[in-house]
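Take a first look at the sequence and the 3D structure below. A short briefing comes after them, sorted by topic.

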Amino acid sequence: MVKTTALIFGHNKYADEIVANVKDKYEQIRIFSLHEDDVQASETKIEIFDLSDKWTELTKNVDISKSMAFCVLEDTAENIFLTISLRANFKELTIIAVASNSESANKLTMAGANKVIPLVETTSDIIANMLEKPISSKILHSILYEESALKIAQIKINKESHFKDEQLTSIDWTRYNGIIVLSVMHEDMKSEFIYSSKAKHHVIREGDILIVVGYETDIAEFEKKIGSNRYVNWSHWGW
Amino acid sequence: MLKRWILDFAYFLDTSKSYQKRKRFFSNILENNKNKYKKYIDIFMVILIFISVAVLIREVKHHVNDELMFFSNYIISFIFFIEYILRLWINSSVSKIIVARAEHDTFLHREVNLLKAFKQVLKVKFAYILSPQALIDLFAILPFFHELRLLRMFILFRVFKLFRYAKSFQTLASVLGTKKFEFLTLGIFAAIVIFISSVLIYVMEGNNPASPINTLFEAVYWSIVTISTVGYGDMVPVTHEGRFVALLVIMAGISVLAFTTSLFVSAFTEKLDEIREIKIIEDVSKLKKFYLVCGYESVSREVARKLSSSGNNVIIIDENLQRIERAKKDGFTALNYNPGRVESYENLNIDMKKQVKAVLCLREDDIENVYAALTIRSINKDVFILSLLINDSNRQKLDFAGINTVVYPQELIGLITKELIGKPVAFEVIHELRSENADVKIDELGVTQRIVDNFPTVGELGNKEFRVVLLGVYKHKRDRFYFNPIDDTLLEIGDYLLVVGYQIFILEFEKYLHTKVKNG
């Protein structure tokens, strides 16, 4: 289901950065803070919430099934409590949480977050990669985060797709100029690298997702040729 | 005329590059612990010392081969003599002293007083000659005159030379040196007790025919044997008075022994951290390349762990002792120095240009990071500096401090979130490629002359046979990445191949690229 509302819990630098990056992707962005001071000090509209499990106000004017929650409270314990409270009340809500380290990341996952971003690990991963593999780091960074011509896309195999029922390794990928298929994700949510021994014998079925890298025009052409489209399913975060 | 000649010669030596170079060379191999040849010189000298002592021991009851005797008495002595002269030479600069005096007198419009300069030279040289180490060196040469039997005993002085060559001896001496006053106090106390007890026992026992203690020397011998708690039992007091004195000496002996032991223990305990630190600094100065991490907090901990797990040397410095202790506990080489002070790097003997791969300012405090970065930049203009940015408003200050790359975690969160909500699976795939625990990795392989010779174009690489995906080629000369290049793309030295695959297959592919014989 398409997500139209972003619910950001916490008013801090993380929240500001998230708003700046995702504002074009949602019809509505709502920011919540635990502190009254934030409401008065901020120029943007901020709503007050507490951790008392009373979400009636929220449910009145928000369609939870079309919402995505970002839990970015700076206090780890409060963030975990917020996540568990949201999960307990809204089973279908997609929750992304920011954790200070891997220990609190585990707790947030246990509390029901769909995706947790461990701040320290992510930052240190990026720093270590910058130093040890500067070129690949730069390329991957531009593919992922920058407005580069090179893109990464996930393409779902549907009923009409060319590749349906074909063996993954039997396909001559070179026919599709400019495209590199990195991996395939099965319906059971397991992702396999294109040259892995499991992928070697894999027969492409409806519902599989191909992860491809290429220029925007080449990806679009690839989609057209194989009769499949780019696809996003939030439940994929479970793997 | 002679004066003019001496002055000219002094100026010549002082400005002669070849003379200074030679002097520096000998100074380095004899005194500079960082010099790579010094340890060989030291080992050579230690071997000579042991040969001398072995010959001395052998000579007591057996005939020693004439050649060996000649080697021990003359050759080794001659080598030690050369070493002595070299040390005397490099210890101070005669030409510098003369030139300094000449400059001084000329500046004050006086006639150059060479006598004063010579006095100064003699003072400096004699100060060296009379230093304990130089005296040991001198005595070690004396067995050269081996016909004088007494002088042969001086071979044992060569053993003392070990202090010069073995660092641990120097450490021992410096540790005990810190307790000089305590040892002196103990020595005075022991000397007083020995003196009083010797006189007393002599007075009590000296005239008793049944007593073995008949002379003052025997009394002193008995006192020392008793106070040291050795107690051979070859001499014992026989009178009641004498035995009473023995009781007192035994009690004093116990206290002397306990005091001595505690002095040794406390000296070592107090110096233990310092000794360890000296050892770490020595080890650091021997490292060829390492990452220098300034500050040890959560991000630096993870970065240090990741870098060292991929085989890099990581040195951590932090002014906070608690954080340093934590770093040591985590198994890192950590030193309690302030990253914001130039003298820290001087004390650590770090060569920024040669040794440091990159400096990472990873304190979670922009002020501290800027301070450390500016300090490092003032030492070296080229070293790569990466820093954490905690508050975006300080970005400009970090740039101004000369930091090459700034990592702003909050911004990363925003970017990651954006990508996550758009392409969760693709994001995970890329994230997996970068993760240190994943089987499938992205790697960059440098293109060498050998690779260019054997595989001129991309199509000839044969990466698919190794189950490796060639994501693209990074052309170093043009600073451009060519994604999914066509088979005819020419490879050049300095290019990088960006490959994705299982680590083991990437390694095999890399090995194949480097080992394939031309036209083979």
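Predicted model: local features only at pLDDT ≥ 70, side-chain atom pairs only at ≥ 80, totals over all residues.

Chain B is divided into four parts: domain 1 (2-165), domain 2 (180-272), domain 3 (288-411) and domain 4 (438-515). Over all chains, the structure holds 27 salt bridges.

**Domains of chain B**

- Domain 1 of chain B and domain 3 of chain B have centres 43 Å apart, taken over C-alpha atoms.
- Domain 2 spans residues 180-272. Helix 12 of chain B covers residues 180-205.
- Domain 4 spans residues 438-515.

- Chain B carries a nonpolar surface patch of about 990 Å².
- Its members include Leu184(B), Ile188(B), Ile192(B), Phe195(B) and Ile196(B). Val199(B), Leu200(B), Tyr202(B), Val203(B), Met204(B) and Leu216(B) also belong to the patch.
- Helix 12 of chain B supplies the largest share of the patch, with ten residues.
- Ile188(B) is a patch member and lies in helix 12 of chain B.
- Ile188(B) counts as partly exposed because its relative accessibility is 46%, between the limits of 20% and 50%.

**Salt bridges within a helix**

- Asp105(B) forms a salt bridge with Arg101(B). Their closest N and O atoms are 3.3 Å apart.
- Both Asp105(B) and Arg101(B) sit in helix 5 (residues 94-107) of chain B. They are four residues apart, about one turn of the helix.
- Asp105(B) is buried, with a relative accessible area of 1%.
- Lys279(B) and Asp283(B) also meet through their side chains in a salt bridge, at 3.1 Å from N to O.
- Lys279(B) and Asp283(B) are four residues apart in helix 14 of chain B, so about one helical turn separates them.
- Lys279(B) is partly exposed at 45% relative accessibility. Asp283(B) is partly exposed too, with a relative accessible area of 34%.

- The side chains of Lys179(B) and Glu270(B) form a salt bridge, 3.1 Å from N to O.
- Lys179(B) lies in the loop between helix 11 (167-177) and helix 12 of chain B, and Glu270(B) lies in helix 14 (residues 240-286) of chain B, so the pair ties together parts that are 91 residues apart in sequence.
- Glu270(B) is exposed, at 54%.

**A salt-bridge network**

- Lys475(B), Lys477(B), Arg478(B), Glu492(B) and Asp495(B) are linked in a network of salt bridges.

**A four-stranded sheet in chain B**

- Four strands of chain B form an open sheet in the order 7-10-8-9, with antiparallel pairing.
- Strand 7 (440-446) and strand 9 (480-483) stand at the edges, each with a single partner strand, so one side of each has no neighbour in the sheet.
- From one strand to the next, the twist averages 25°.
- Strand 8 (residues 469-475) and strand 9 of chain B run antiparallel and are joined by four bridges.
- Val473(B) stands opposite Tyr482(B), which is in strand 9 of chain B.

**A buried serine in chain A**

- Ser85(A) lies in helix 4 (residues 76-89) of chain A.
- Ser85(A) counts as buried because its relative accessibility is 5%, under the limit of 20%.
- The C-alpha atoms of Ser85(A) and Ser52(A) are 8.6 Å apart, while 33 residues separate the two along the chain.

How values were computed:
Residues numbered from 1 in each chain as written. Chains lettered and ligands numbered in written order. Heavy atoms only, no water. Patch = residues over 30% accessible without salt bridge, like charges linked within 9 Å, V, L, I, M, F, W, Y side chains within 5 Å. Areas by Shrake-Rupley, 256 points an atom, 1.4 Å probe, with all protein chains shown as cover. Salt bridge = Lys/Arg side-chain N within 4 Å of Asp/Glu carboxyl O. Helix = DSSP H or I, 4+ residues; strand = E, 2+ residues; numbered from the N terminus. Buried < 20%, exposed > 50% of the residue type's maximum accessible area, 1.4 Å probe, protein only. Domains from an automatic or database assignment. Pairing = 2+ DSSP bridges. Axes fitted to C-alpha atoms, helices over the stretch in contact; angles between N-to-C directions.
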